[in-house]
Amino acid sequence: MLQMKHLSKVYRTHMVETHALRDFSIHVHDGEFVAVTGPSGSGKTTFLNIAGLLEEFSGGEYWLDGVDVRGMGDDARSRLRNEKIGFIFQSFNLIPDLNLFDNVDVPLRYRGFAAAERRKRIEEALARVGLASRMKHYPSELSGGQQQRAAIARALAGSPRLLLADEPTGNLDSLMARGVMELLEDINRQGTTIIMVTHDPELAARAQRNVHIIDGQVTDFDAEPRLRVPTRDDRAALAAV
Amino acid sequence: MEIRPILSALMRSKVAMILIGLQVALTLAIVCNALFIIGERLERMQRPSGMNEADTFWFGSNGFGQGYDPFTVLRADLALLRQLPGVAAASTTNSVPMIGGGWGTGITLQPKQKTATADTAIYFVDDKGLDAFGTHLVAGRNFKPEEIADLTMGNRLAPVSIIVTQALADKLFPDGDALGKQVHLDEDTPASTIVGIVDRLQQPWMDSRTVEYSTLVPAHMPYGNSTRYLVRTEPGRRDEVMKTVEQKLAESNRSRIIGRIRTVEQTRREAYANDRAMMIILGVVIVALLAITALGIVGMASFWVTQRTKQIGTRRALGATRGAILRYFLTENFLITSGGLVFGTLLAYGFSLWLLTHYQARLLPWYYVPVGCLCLWALGQLAVLGPATRAARVPPAVVTRSV
């Protein structure tokens, strides 16, 4: 799904060069749930930006779903991002002047879907995150957890192959965080690859694999997927057995 | 196109939208009416007087000596003027187009007619008058020397022959057969025969609604001891002749004063000075309004781009290309401007109607508003282009950074 080989990212000013990522290699398979951890300034966000085609990289290779993104133009990156990737941000980044329906509609319009197709996808996505009855509500009328679920609906509506989550529970209380996390796990179970940047070791532990970044390099990477921490549903299923 | 979501978002930022829309509306209303007024003034200023303006000048002679006979003096003056080198024609006249003062009367077709058929200016000239004005006969003949009468202020206005302008002839006799017809220049006076028709000679009053209706009467008509002379020179010799005339006339008779000699071009400039000033003021108002509106749009768009940097980054992250962001801001401006223009169209016609009712102005022609709308749409798009381009350059990575 995502493969980076010896990737580097250097920020240059006329005074200094900052190596945000160095010899960074990672391979994320289809359907995986990977947690990316590391201290502040370690390069997590830079990795996420490059993975999400939000930034270009300085050297190395990056293959996204079989597409070599090296030297790709801005418009082509935008289209690929729109088609393949869904984003979930720590601060939700819903557009405050648009209601939930229109917020979820934003990436679908850029995709060029017909109106009927967009409506169907929006309604399905909002229903999937439990916000079908809040379509006409504005973000300011929702709780933090609901806003993040709306953001997840926006990310899911375009049926992306990869979901990039940047501290998705960072602005939520523990109850809401648990709900969002369970939703992400559910999405992953249905086949969507998820890469989640987090500071929270408990959340990271629930991912199939952990990538630890320090000073722009991968320092700890579980080469093989491991068992996920059982979710509430899993526990219920086990209890039933 | 994202028209519905943009409109929906705009409805949540009503104040800024209404202010800019109102500014656009006022600009449209004022600019359209101001441009129309400028156009009218320009049209007015460009009306030909019917004279050879480039080569003609006029002046007054005011006698003061004992036993001063204006008729004797004017004959001597005309003889002197006509033999001066460079003078093409000279005549006495009571007035000149555009000077703002002169004689007027109501022409009737019947002697006892209560209401005049047309109001006309009267120019008292001799047989060289047409030549001095530089106007052209289109029908009939010029005055004969024996037709020139010596008139004073107390005389009745009843010349045997008159020459009228084409516009007046058409007004009096719409069938086009004015030549040889008789009219009355005053109530209960003998009829005068139209012996000639000139193409054009405006009245002295620029604001007159009948400015093209003039009548030439064959007479020397001094005003007391004052006589006005009109001189046309050979092409290009006006300024040279003006200097000679002043000197020669002053020398020829010491019992009178020669008034300031003025060219007809100066007369035109003075006559239309207010129109010119009005045009300049309105022009400045138009430029200022357009500049303020453009700056308002630039300011608002710049503020919105800054305010929405994160939002733009989010859109970019969700797949918007730079072109899509550019289009978003251009469309947003188009919608605001369009709203303003709808209101502005009503204001423009309302304002024009108010001017019509209170100042007898002409109604704004319909095409001014659509043309104004196109210009303001273009202005809006140009004004927003800078901020929109800046928005399009916002990198998608801002979405994951703290702004």
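1. Starting with confidence: chain B comes out with a mean pLDDT of 93, and 99% of its residues reach 70 or more. Bear in mind that this is a predicted model. Its scores are ipTM 0.89 and pTM 0.80.

2. On to the interface. Chain B puts 22 residues in contact with 26 residues of chain A. On the chain B side, α1 (3-10), α9 (309-317) and α10 (322-359) each supply at least two of the touching residues. The top contributor there is α9(B), with 6 residues. By type, the side of chain B that touches chain A splits into 9 nonpolar, 7 polar and 6 charged residues.

3. Next, the layout of chain B. Domain 1 takes in 3-46 + 274-394, while domain 2 covers 65-254. Between the C-alpha centres of these two domains of chain B there are 53 Å.

4. Now for the packing. The largest nonpolar core has 108 residues, and the members touching the most others are Val36(A), Ala153(A), Leu164(A), Ile195(A) and Leu28(B). Helix α2 (residues 14-45) of chain B gives the most to this core, at 10 residues. As background, nonpolar side chains tend to be buried together in soluble globular proteins.

5. Have a look at Val36(A) while you're there. Setting aside neighbours within four places in sequence, Val36(A) is in contact with Lys44(A), Phe47(A), Ile195(A), Met196(A), Val197(A), Val211(A) and Ile213(A). Ile195(A), then, is a contact of Val36(A) and also on the list of core residues that touch the most other members.

Notes: Residues numbered from 1 in each chain as written. Chains lettered and ligands numbered in written order. Predicted model: local features only at pLDDT ≥ 70, side-chain atom pairs only at ≥ 80, totals over all residues. pLDDT = per-residue confidence, 0-100. Contact = placed C-beta atoms within 7 Å. Helix = DSSP H or I, 4+ residues; strand = E, 2+ residues; numbered from the N terminus. Nonpolar A, V, L, I, M, F, W, Y, C, P; charged D, E, K, R; others polar. Domains from an automatic or database assignment. Core = buried A, V, L, I, M, F, W, Y, C linked by C-beta atoms within 7 Å. Buried ≥ 20, exposed ≤ 12 C-beta atoms within 10 Å, placed from the backbone.
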